[in-house]
Amino acid sequence: MRRGLDIVRMVAERLCYRARTYAIFRDDPNGQRGALDAAIQSYDAARPPPADVASLFRRHAGRWGALVMLGRLRRAGAILLVQTDGAELVAYGWLQPWHCVRREFGFLSHEGVCLGPYWTNPAWRGRGVYGRMLGHSLAMCRERFGETPLYIWARSENVASVRGIERAGFAPVGTFRVVTALAGLVRYHVRCASTAGA
Ligand SMILES: CC(C)(COP(=O)(O)OP(=O)(O)OC[C@H]1O[C@@H](n2cnc3c(N)ncnc32)[C@H](O)[C@@H]1OP(=O)(O)O)[C@@H](O)C(=O)NCCC(=O)NCCS
């Protein structure tokens, strides 16, 4: 019930008015290249998650939440990265084509790949899982997308995520307040005064 309300709230917010402050980063062409991690599986529209992995997502996000989430694979052409441990979902993350985020973040670039969102199971947090997931994402994007710019962002108050992104070697673009309203018809962004990397 609460998950259902969250989804309704999220959709309403997207359609009406959404204002968030993000710390935005991009890959550093001269920085870390990342490393593929054998523990991380990747899925896409051509290779969807097997039934056992899909069922872990249903347990994590509920039936509708999982449907919406995994729908991204076919609907948006996104890539899903997943780490499991037996019957436990350890972590996941998304590599999204630029058209998925252009409405809010198109001001950053005409092209790119959006890394995220990511999630680590609370029982596994603080053990470097996110760091390895980001390293894997970097290496995989280089393999699949060459030198296309990679962007990643986190709500500026999300200390764990911002720290993980910095540790993975991404370069700060800045901190921006991003506003969209009326289903994206109105949109603007403002660079914040105390800007990371300004
Ligand atoms: C953000 C998140 C993915 C981090 O996952 P994690 O696997 O615990 O992260 P890691 O263990 O790889 O830690 C990465 C860095 O962040 C630091 N960190 C982790 N949790 C932290 C916290 N609560 N406060 C401050 N720093 C934190 C770690 O110390 C590490 O830095 P270090 O190498 O200098 O020690 C996880 O907290 C999460 O799933 N949060 C909810 C969903 C979310 O916010 N996703 C991010 C938005 S895309």
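How many nonpolar, polar and charged residues does the shell around the ligand have? In this predicted model, the shell has eight nonpolar, eight polar and four charged residues.

**Ligand shell.** Select the ligand and the 20 residues around it; Thr120, Arg125, Tyr130, Ala160 and Gly164 come nearest. Then colour strand S5 (113-120), helix H4 (129-145) and helix H5, the elements that give two or more residues each to this shell. H5 gives the most, with six residues.

**Helix H5.** Stay on H5, residues 159-167, and pick Val159, which lies in this helix. Val159 counts as exposed because it has 10 C-beta neighbours inside 10 Å. Draw a C-alpha to C-alpha distance from Val159 to Tyr43: the two are 28 Å apart in space and 116 residues apart in sequence.

**The sheet.** Next, show the strands. Eight of them form an open sheet with mixed pairing, in the order S2-S3-S4-S5-S6-S1-S7-S8. At the edges stand S2 (41-43) and S8 (186-191); each has a single partner strand, so one side of each is left without a neighbour in the sheet. On average, neighbouring strands are turned by 30° against each other, direction ignored.

Zoom in on S3 (residues 79-85) and S4 (residues 88-97), an antiparallel pair with seven bridges. Within this pair, Val82 stands opposite Tyr92 in S4.

**Helices on the sheet.** Select H2 (residues 51-75), which packs on the sheet and touches S2, S3 and S4. The direction of H2 makes about 175° with that of S3. Finish with H4, which also packs on the sheet, touching S2, S3, S4, S5 and S6 (150-155). The direction of H4 makes about 35° with that of S4.

Technical notes: Residues are numbered from 1 along each chain as its sequence is written. This is a predicted model: local features need pLDDT of at least 70, side-chain atom pairs count only at pLDDT 80 or more; totals for chains, interfaces and linings use all residues. Helices (H or I, at least four residues) and strands (E, at least two) are DSSP runs, numbered from the N terminus. A residue is buried if 20 or more other C-beta atoms lie within 10 Å of its own, exposed if 12 or fewer, and partly exposed in between; C-beta atoms are placed from the backbone. A residue is near a molecule or strand if its C-beta atom, placed from the backbone, lies within 6 Å of it. Ala, Val, Leu, Ile, Met, Phe, Trp, Tyr, Cys and Pro count as nonpolar, Asp, Glu, Lys and Arg as charged, and the others, Gly among them, as polar. Two strands pair if DSSP finds at least two bridges between them. Axes are lines fitted to C-alpha atoms, for helices over the stretch in contact, and angles run from 0 to 180 degrees between N-to-C directions. Two residues are in contact if their C-beta atoms, placed from the backbone, lie within 7 Å.
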